[in-house]
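Dear colleague,

Please find below the structure that I am handing over to you. My findings follow directly after it.

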Amino acid sequence: MKRNVDLKEISDGRLYSFGDMVRADCRDCEGCSECCRGMGSSIILDPMDVWRLQKGIKKGFQALLEEGKIELNMADGMILPNLKMDAEREACPFLDGQGRCSVHDCRPGLCRLFPLGRYYEENGFRYFIQIHECRKQDRGKIKIKKWLGIPNLKGYENYILEWHGFLNQCEDALETLSEENVRILELYVLRRFFETAYMAADENGFYEEFSARMEEVKEKFGFK
Ligand code: SF4
Ligand code: SF4
């Protein structure tokens, strides 16, 4: 979700690349699960997050919805899935009784990123540290690549950029489309990128499958 905030107010004022060291290491969170609670609908999932969960815990999109682990909401004009906070505990449904993430290996991209954020520029994005978000004050320095723990990080960054650019194109298109066509676009994107299971066995396979779907969707809606 886009946020219109002054970077100086929420960060140390610096932008980082994945090879940079940044004070993000909250040392395995040690007894804190603050950012897995009370997050409302803000932990929005992208297609790769759903593929990761499908592969990691063997639950597809429909099962995640039916079991109340995720829900659908509007974000920047599109219908997108997000982690659904459990009503009783106001916590992520994947947070276990010991306050640990039960899907750590396949956790969503936003969870991997936290307390970092992405700052989008004309031809890419860089990272920033959200200085007011993490409760741990004595965070250590860590290389961003290591913090994210994603093997083919360049491939992942390209994927994130493509998805972000596509959502921007959708947002622009929504302004000109009729009500009926807005609905068609929203539902088609939901179906092709989330509801239809990915067959990929690994990260690179996912990128190929995603790109093929992207090409198809862009052609259908006349996006460049
Ligand atoms: S998926 Fe894991 S890290 Fe992310 S909010 Fe849930 S419990 Fe926390
Ligand atoms: S607030 Fe910081 S230490 Fe606490 S769970 Fe989140 S990232 Fe970990």
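This is a predicted model: local features need pLDDT of at least 70, side-chain atom pairs count only at pLDDT 80 or more; totals for chains, interfaces and linings use all residues.

In what follows, Ala, Val, Leu, Ile, Met, Phe, Trp, Tyr, Cys and Pro count as nonpolar, Asp, Glu, Lys and Arg as charged, and the others, Gly among them, as polar.

Residues are numbered from 1 along each chain as its sequence is written, chains are lettered from A and ligands numbered from 1 in the order in which they are written, and side-chain values use heavy atoms, with hydrogens and water left out.

Ligands. The shell around ligand 2 divides into 6 nonpolar, 1 polar and 3 charged residues; among them are Cys-26, Cys-29, Ser-33, Glu-34, Arg-135 and Lys-136.

Helix packing. Helices (H or I, at least four residues) and strands (E, at least two) are DSSP runs, numbered from the N terminus. Helix 2 (residues 47-57) packs with helix 6 (residues 153-174) at an angle of about 125°, their axes being 10 Å apart; axes are lines fitted to C-alpha atoms, for helices over the stretch in contact, and angles run from 0 to 180 degrees between N-to-C directions. Helix 2 is therefore oblique to helix 6, as angles under 35 degrees count as roughly parallel, over 145 as roughly antiparallel, 65 to 115 as roughly perpendicular and the rest as oblique. Pro-47, Met-48 and Arg-52 of helix 2 meet Tyr-156, Tyr-159 and Trp-163 of helix 6, contact meaning heavy atoms within 4.5 Å.

Individual residues. Arg-52 has 10% relative accessibility and therefore counts as buried (under 20% relative accessible area; exposed is over 50%, partly exposed in between; 1.4 Å probe, protein chains only). Leaving aside neighbours within four places in sequence, the contacts of Arg-52 include Cys-106, Arg-107 and Tyr-156. Leu-45 lies in the loop between strand 1 (21-25) and helix 2, and is buried, with a relative accessible area of 1%.

Yours sincerely

Note on methods
A residue is near a molecule or strand if one of its heavy atoms lies within 4 Å of it.
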